[in-house]
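Below is a briefing on one protein model, to be read beside its sequence and coordinates. It is grouped by topic.

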Amino acid sequence: MMLMRESMKKSMIQSVTNRSSLDLSTSSPKSRNRTSLDGTGFDCSVCGRIYKLKSSLRNHQKWECGKEPQFKCPYCVYKAKQKMHMARHMERMHREIDYSSVKTEIVAVKNESGDNE
């Protein structure tokens, strides 16, 4: 456990050191490069989150960024911004429950949001 903490600490220090050597004058989220060709990733122009895949950035912008969770668990207070997160929650927390009503709930929420994918 101690070795893992030390390794994480060294990694964080190295990350900060590498960042401090960069020119941070253009590091605000709105001015960052959205389509990175140098392998650093794709960042959200609104919140600055960085993704390895362009499709992940698109999903973030479509479903998450600045939006309230739209998928509500019918059995508890849990809310999720992504359908797959709700499915994972259902599998882990409500495994013994019949899921036929959940599918109906997710389809209803999806229809309310106007998404027909």
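His-89 is part of helix α3, residues 83–93, in a predicted model. Helices (H or I, at least four residues) and strands (E, at least two) are DSSP runs, numbered from the N terminus. His-89 has a relative accessible area of 10%, so the residue is buried; buried means under 20% relative accessible area, exposed over 50%, and partly exposed in between (1.4 Å probe, protein chains only).

**Basis of the values**
- Residues are numbered from 1 along each chain as its sequence is written, and side-chain values use heavy atoms, with hydrogens and water left out.
- Because this is a predicted model, local features need pLDDT of at least 70 and side-chain atom pairs count only at pLDDT 80 or more, while totals for chains, interfaces and linings use all residues.

- Not counting residues up to four places away in sequence, His-89 touches Cys-73, Cys-76, Tyr-78 and His-94 (contact: heavy atoms within 4.5 Å).
- Buried residues in α3 are Met-86, His-89 and Met-90.
- These residues cover an arc of only 100° around the axis, which puts them on the same side of α3; the arc is that of the directions from the helix axis to the C-beta atoms.
- Met-84 and Arg-92 are exposed, on the face of α3 turned away from its buried side.

**Nonpolar cores**
- The largest nonpolar core has 7 residues: Phe-71, Cys-73, Ala-80, Met-86, Met-90, Ile-106 and Val-109.
- Such a core is a set of buried Ala, Val, Leu, Ile, Met, Phe, Trp, Tyr and Cys residues joined through side-chain atoms within 4.5 Å.
- Two or more residues of this core come from each of α3 and α4 (100–113).
- A second, separate core of 5 residues includes Phe-42, Cys-44, Leu-57 and Cys-65.

**Annotated span**
- UniProt, in an unreviewed entry, lists residues 42–69 as "domain: C2H2-type".
- The end C-alpha atoms of residues 42–69 are 23 Å apart, and the span is 39% helix and 14% strand.

**Confidence**
- Mean pLDDT (the predictor's confidence in each residue, from 0 to 100) is 75 for the protein chain, with 58% of residues at 70 or more.
- Over residues 19–33 the pLDDT is below 50.
- Where pLDDT is low, the predicted coordinates should not be read in detail.

Terms used: UniProt positions renumbered as here; feature names shortened; annotations may be inferred.
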